[in-house]
Amino acid sequence: MAALDPPSEDGAYVGRRLQPLRAIQAFRRLVADKEDTTQVFEIMEALTGRSIPWGLRKLLRSPGGGRQAYRHLELNEKLNDPVWLAQFGPGTVGAAYRSFMQAEDLSAEGLAALSRKVRAEIEAPNLYAWYGRRLRDAHDIWHVLTGYGRDVLGEACVVTFSHAQTRSLGFLFIGLGAAQQIRKAARAVPSRRAALQAWRNGRRARWLPAEDYERLLAEPLEAARARLGIGRPTVYEAVPPEVRSRLTLRA
């Protein structure tokens, strides 16, 4: 098991200084080009604060969380193994994840590579960095569990859900900022209500970072949602898919 190392000299993992101006500048670049997803990691890096050490402490104190830290499972390695992913039968979380990634032409390694462009230290051999990788690699699994798609509104919702789970201000900044931009472009779309419902769902759900993801992906999707207490995204679902697909961050 990697050591629970002391903080590095630049505060890489403990008590990182908030950089709101950096976050604002990155969000402006993201609005200008939604496909420039490195800006998401710029925002997260700027607003991580103390959320990583808080989350790691909570993980170590959670039932089963210490075992997850001891095992030190790298989700990225599992999720990039097509043979491993192929084992999950119809109706499971794993099958839904596999379909989601194929439909969106995504890979877990693609997300990991983007994060490394912003902060190479995410691959450091200590538990703080490992916990950060765990959150990063679980992002698309959380998409599947919560029912939010990869349209702009779905991304705004899944990150506000993630703030409720992780306390990272970066998630909240992106979610509320995106919801406001959507409102400017399409006032009839209840973007802020959808984001608020997502946050509340995140507060009410079980704490996902402590889950055993190998077991979770083998569970039936609806049973997993019920066990985890993840509410249906009714406000998001009320927006027709064809409307969601046309939404943009540009005002």
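A pocket is, on a 1 Å grid over the protein atoms alone, an open set of points where a 1.4 Å probe fits, with protein on both sides within 12 Å along at least five of seven lines, and its lining residues have an atom within 4 Å of a point. The model is predicted, local features need pLDDT of at least 70, side-chain atom pairs count only at pLDDT 80 or more, and totals for chains, interfaces and linings use all residues. Residues are numbered from 1 along each chain as its sequence is written, and side-chain values use heavy atoms, with hydrogens and water left out.

**View A. The second largest pocket.** Lined by 14 residues, the second largest pocket has Pro 63, Arg 206, Ala 210, Glu 211 and Asp 212 nearest its centre. Its lining divides into 4 nonpolar, 3 polar and 7 charged residues, where Ala, Val, Leu, Ile, Met, Phe, Trp, Tyr, Cys and Pro count as nonpolar, Asp, Glu, Lys and Arg as charged, and the others, Gly among them, as polar. Helix H4 (65-71) and helix H13 (213-218) each supply at least two lining residues, helices being DSSP runs (H or I, at least four residues) numbered from the N terminus.

**View B. The largest pocket.** Among the 43 residues lining the largest pocket, Val 40, Phe 41, Met 44, Leu 111 and His 139 are the closest to its centre.

**View C. The contact of H10 with H11.** In this contact (heavy atoms within 4.5 Å), the residues of H10 that meet H11 include Val 152, Leu 153 and Ala 156. The residues of the contact divide into 12 nonpolar, 5 polar and no charged.
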